[in-house]
Each structure stands twice: as structure tokens, then as C-alpha cells.
Amino acid sequence: MKKKLHDKQELKNNRKTLRKNLTAAEAFLWKQLQHKKLEGRKFRRQHSIKNYIVDFYCASEKLIVELDGAIHMSLNAQEKDAKRDQKLEYMGFKVIRFENRMVFDHLSSVLQEIKDNFRH
């Protein structure tokens, strides 16, 4: 039997909680991504892949967008994020990260970088 990769049932409550409690940066970026606003690509927020819950996921592009707040700035957190990204990339996903403040201060650049990572 093939293991389920996306939206594992045991992570459902965690995903719902995270969706209801988006950070300010996540909520701000979500306004730009929801309803296929970015070049017609559908994004999901707080989507699970294996045992990871990613901030934003575009299935058609196999693209993951992560927003990093202060908690991600420690060396330990950065090492953990790098290992996580490596595992996701090994599974065939592309992971891009932005600091929260980038979303507020340079939104057009963030959106352009997301578009630049579209495969087609």
C-alpha cells in the first residue's frame, strides 16, 4: 500500500489551527496568492506534505513558499529548515523562503521571485 504524501489525516487539526492563526505576513501574502491571482496558479495555505506543514503550496508547479519570522533566525532553526528543505527537494519539490519583512517591504519582488520559479 502506498503511503499518503499529501494532507495526512493525523495533521488535519494542526493544518486547521495554522490556517485560522496565520501570521500577519502569511495573511498579507495569502491575499496575493488566493483565488489564482498569481498568473492563474492555485496555491494552498498550510498544506501538509509527508509530516511537514508548509506555508504555501502550488501543486501544478510543485512549488513551496515559506515565510520566516524571528523564530527562524537562530542557527539551530536555520539548520533544521535547511534539512527540511533538502528532504522536500529530494521528493521533487522546489522550496523558496522569504523573511516576513520582505513580504511587507518588497511585495512586488517577492511575487516576481515566486513567478520566476514557475516551471511553465
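Me: What do the buried residues of helix 2 pack against?
Reply: Keep in mind that this is a predicted model. In it, the buried residues of helix 2 pack against strand 1, strand 2, strand 3, helix 4 (100-105) and helix 5.

Me: Which residues of helix 2 are buried?
Reply: They are A25, E26, L29, W30 and L33. Buried means under 20% relative accessible area, so each of these five names falls below that cut-off.

Me: What makes these residues line one face of helix 2?
Reply: Look down the axis of helix 2: the buried residues fall within an arc of 130°, so they line one face. The face turned away from the buried side carries the exposed residues A24 and K31.

Me: Where does L29 reach, beyond its neighbours in sequence?
Reply: Leaving out residues up to four places away, L29 touches F56, V65, L67, V103, L107, V110, L111 and I114. L29 is also among the residues with the most contacts inside the largest nonpolar core, which has 19 residues.

Me: Which elements supply at least two residues of this core?
Reply: Helix 2 (24-33), strand 2 (52-58), strand 3 (63-68), strand 4 (94-99) and helix 5 (107-116) each do. Another core, of eight residues, lies apart from it, with V54 and L88 among its members.

Me: Why are strand 1 and strand 2 called paired?
Reply: Pairing takes at least two bridges, and strand 1 (residues 44-49) and strand 2 have five, in the antiparallel sense, so they count as a pair. One example is S48, whose bridge partner in strand 2 is I53.

Technical notes
Residues numbered from 1 in each chain as written. Predicted model: local features only at pLDDT ≥ 70, side-chain atom pairs only at ≥ 80, totals over all residues. Heavy atoms only, no water. Core = buried A, V, L, I, M, F, W, Y, C linked by side-chain atoms within 4.5 Å. Buried < 20%, exposed > 50% of the residue type's maximum accessible area, 1.4 Å probe, protein only. Helix = DSSP H or I, 4+ residues; strand = E, 2+ residues; numbered from the N terminus. Contact = heavy atoms within 4.5 Å. Arc of directions from axis to C-beta.
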